[in-house]
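Please examine the sequence together with the three-dimensional structure shown below. The paragraphs that follow lead through its annotated spans, its cores and its charged pairs.

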Amino acid sequence: MIETQNSTSVNTTSLKCPVTVWNIMILAVGATDCVLSLPFLPWALWVLLRRSQLLLETELFVLNILLADVCCIIINLISFLNSLVFSNSFQNLFWIFFNGYPLFQCSVCFELYLAVVHPVTFLKYKPLRYKAVCLFFMWLIAFTSFTFGSTVINDLNVLLSVIIPVVCFQTFFSLSILKVLKRSTAGDRMRNQERERERKNCIKKRALVVVCIFQIKLVVNYLPFIVFSIFKGLFQIRLYSCYVSQLALSICFFGHFIHSFLYLQKAGRLPLPQFLLH
């Protein structure tokens, strides 16, 4: 997606890839993601923005990630013009979302974790001001990558410093929600409150499914880039720069329809899977 000639080596810096090669790859991935997102993303934003101000405040993290999805899809669609129109300045915009997007996903997972595992704490920090502060720091980290725009791609530690903690946190969130789900199920059966048990379990199951889906999406998006970056010495410079890295970067920006699809299910506009209803 972003030209990899921003390398410390002179040979890689002077390398020019055939425009048609990376244009076709990026355009194909971007177009596929756009087609899959088109039915859900505008619909989800419309449903969210039509809700009351109070409900909108409770969905601030979701709104943030949906808007980030819009920006990422736009980047996907116009990135094939990068070498012709946007040049190096466009790459800085890419890095804002490249390093910030895992944090945006983690914020949604953290909110679900608090709601299920620590409901009292969740209610305490539910007001908008706390979420706004959290989003401010996440965007601050994302914009920090803007400063390192031309060097981040060669500094794998920068990306790993974001990815590894996010993966660890999301794993902890999912295991904690699963533990609460099992414990609450046993307790509810003892109290024989079937209807209330089913409602609570549905909410907790959905929280667990959302966190797990975000975890899988994160790994699928970023693992190819990390692996290929570690073993890039095994590839010829032209092969890695013009083909391997471009494909890995394009995968990073795929799957933005998932968040809007999940939100529409939560809002009752799409049916829930059967396993969440039992």
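How far apart do the end C-alpha atoms of residues 159-181 lie, and what percentage of the span is helix? They lie 33 Å apart, and the span is 100% helix and 0% strand. Helices (H or I, at least four residues) and strands (E, at least two) are DSSP runs, numbered from the N terminus.

This is a predicted model, in which local features need pLDDT of at least 70, side-chain atom pairs count only at pLDDT 80 or more, and totals for chains, interfaces and linings use all residues. Residues are numbered from 1 along each chain as its sequence is written, and side-chain values use heavy atoms, with hydrogens and water left out.

The UniProt record (unreviewed entry) assigns the feature "transmembrane region" to several spans, including 159-181 and 243-264; its positions are given in the numbering used here, feature names are shortened, and annotations may be inferred rather than shown by experiment. Residues 243-264 are 82% helix and 0% strand, with end C-alpha atoms 36 Å apart.

The interior can be described through its nonpolar cores, a core being a set of buried Ala, Val, Leu, Ile, Met, Phe, Trp, Tyr and Cys residues joined through side-chain atoms within 4.5 Å. Buried means under 20% relative accessible area, exposed over 50%, and partly exposed in between (1.4 Å probe, protein chains only). The largest core has 47 residues, of which F98, Y222 and F253 touch the most other members. Among the elements that give two or more residues to this core are α5 (60-78), α8 (128-147) and α9 (156-191). Its largest share, 15 residues, comes from α6. A second, separate core of 13 residues includes L45, V47, L63 and Y263. Y263 is also one of the buried residues of helix α12 (residues 257-266), and this helix is followed by G268, whose phi is positive, near 85°.

A salt bridge is a side-chain nitrogen of Lys or Arg within 4 Å of a carboxyl oxygen of Asp or Glu, and the count here comes to 2. One joins E59 and K266 (3.1 Å, N to O). E59 sits in the loop between α4 (53-58) and α5, while K266 belongs to helix α12, 207 residues apart. E59 is buried at 6% relative accessibility, whereas K266 is partly exposed at 43%.

The other bridge joins K131 and E111 (2.6 Å, N to O). Because K131 lies in helix α8 and E111 in helix α6, the pair ties together parts that are 20 residues apart in sequence. K131 is buried, with a relative accessible area of 4%, and E111 is buried at 12%.
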